[in-house]
Amino acid sequence: MHYKKTILVLAVGLPVLLTSVFSQGKRTGVEGYIFRISGNRMPSPNIKLSPPKGVKAVLYIYELTSLSQVSKVEGSAFYSSIHTKLVKSVTSDKNGYFFASLPPGEYSLFTKKDALFYANNFDGENHIAPVRVLAHKVTQANVNIDYDAVY
């Protein structure tokens with residue numbers, strides 16, 4: 001009788017234990033580097049461009065945001081306010097590396113210069129700096145702070 005109870009406990013508990021063990025180490029979120037790019041970045045046969053430098057900066061992660069959901073500073077990639085929900089902010093390390101644990105979904109990534117938000121890329125539907133996070137996956141996303149660069 002004692003063996004039947006042990007087998008029953010193992011049959012019920014083992015799948016739960018194995019699921020827990022195998023799910024450890026699986027993260028869901030976004031990671032990458034924040035790069036500071038400045039100066040003349042035009043290609044030239046006589047000048048070798050230096051690689052961008054990773055920098056410590058705060059990354060603001062908002063719900064997926066379109067151009068119609070921000071107050072844009074005319075003629076720039078700066079925004080005085082964002083009218084979607086701030087989900088999380090994280091600070092990159094001195095090399096620019098960041099990781100943010102996030103639930104699956106779509107987000108927009110911004111940095112700041114003084115009081116203004118900055119993002120310099122869009123998708124085909126005018127979403128600003130979009131990233132998609134999938135369950136049990138880490139999405140790779142690099143962020144360029146390049147408002148002082150010339151291309």
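Val-30 has a relative accessibility of 0% and therefore counts as buried, the cut-off being under 20%. This residue lies in strand S1 of a model that is predicted. Beyond residues up to four places away in sequence, Val-30 touches Ile-61, Phe-98, Phe-99, Ala-100, Leu-102, Val-133, Val-138, Thr-139 and Ala-141. Val-30 and Val-131 are separated by 101 residues in sequence, yet their C-alpha atoms lie 8.1 Å apart in space.

Val-30 also belongs to the largest nonpolar core, which has 26 residues; together with Leu-59, Ile-61, Leu-109 and Phe-110, it touches the most other members. Two or more residues of this core come from each of the strands S1 (29-40), S3 (58-63), S5 (78-82), S7 (97-101), S8 (105-113), S10 (130-133) and S12 (143-150). Strand S3 supplies the largest share, four residues. The surroundings of Leu-109 can be described in the same way as those of Val-30. When residues up to four places away in sequence are not counted, Leu-109 touches Leu-59, Tyr-60, Ile-61, Tyr-118, Ala-119, Ile-128, Ala-129, Val-131, Ala-141 and Val-143.

Aromatic residues were examined next. A pair of aromatic rings is described by the distance of the centres and the angle of the planes. A search of the whole structure finds ten such pairs. One of them, formed by Tyr-62 and Phe-117, is edge-to-face, with 5.8 Å from centre to centre and 90° between the planes. Because Tyr-62 lies in strand S3 and Phe-117 in strand S9, this pair ties together parts that are 55 residues apart in sequence. Tyr-62 and Phe-117 are both buried. Phe-117 also pairs with Phe-110: the ring centres are 6.2 Å apart and the planes stand at 75°, so this pair is edge-to-face. The relative accessible area of Phe-117 is 8%, and the residue is therefore buried. Phe-110 counts as buried because its relative accessibility is 0%. Through ring pairs, Tyr-60, Tyr-62, Tyr-79, Phe-110 and Phe-117 are linked into a cluster.

Two rings also carry a charged side chain over the face. Lys-112 lies over the face of Tyr-60, a member of the aromatic cluster, at 5.4 Å from the ring centre. Arg-27 lies over the face of Phe-99, at 4.1 Å from the ring centre; Phe-99 is among the residues touched by Val-30.

The pairing of strand S5 places Tyr-79 in a strand context. Strand S5 and strand S9 (residues 116-118) run antiparallel and are joined by two bridges. In this arrangement, Tyr-79 stands opposite Phe-117 in S9. Strand S5 also pairs with strand S4 (residues 70-72), in the antiparallel sense and over three bridges. Val-70 has Ile-82 in S5 as its bridge partner. Five residues lie between the strands in the hairpin of S4 and S5, where Gly-75 takes a positive phi near 70°.

The protein has a mean pLDDT of 85, and 83% of its residues reach 70 or more. Over residues 1-24, however, the pLDDT is below 50, and this stretch has two contacts in the model beyond near neighbours in sequence. Where pLDDT is low, the predicted coordinates should not be read in detail.

Definitions and conventions
Residues numbered from 1 in each chain as written. Predicted model: local features only at pLDDT ≥ 70, side-chain atom pairs only at ≥ 80, totals over all residues. Heavy atoms only, no water. Core = buried A, V, L, I, M, F, W, Y, C linked by side-chain atoms within 4.5 Å. Buried < 20%, exposed > 50% of the residue type's maximum accessible area, 1.4 Å probe, protein only. Contact = heavy atoms within 4.5 Å. Pairing = 2+ DSSP bridges. Phe/Tyr/Trp six-rings, centres within 6.5 Å; stacked < 30°, edge-to-face > 60°. Lys NZ or Arg CZ within 6 Å of the ring centre and 35° of its normal. pLDDT = per-residue confidence, 0-100.
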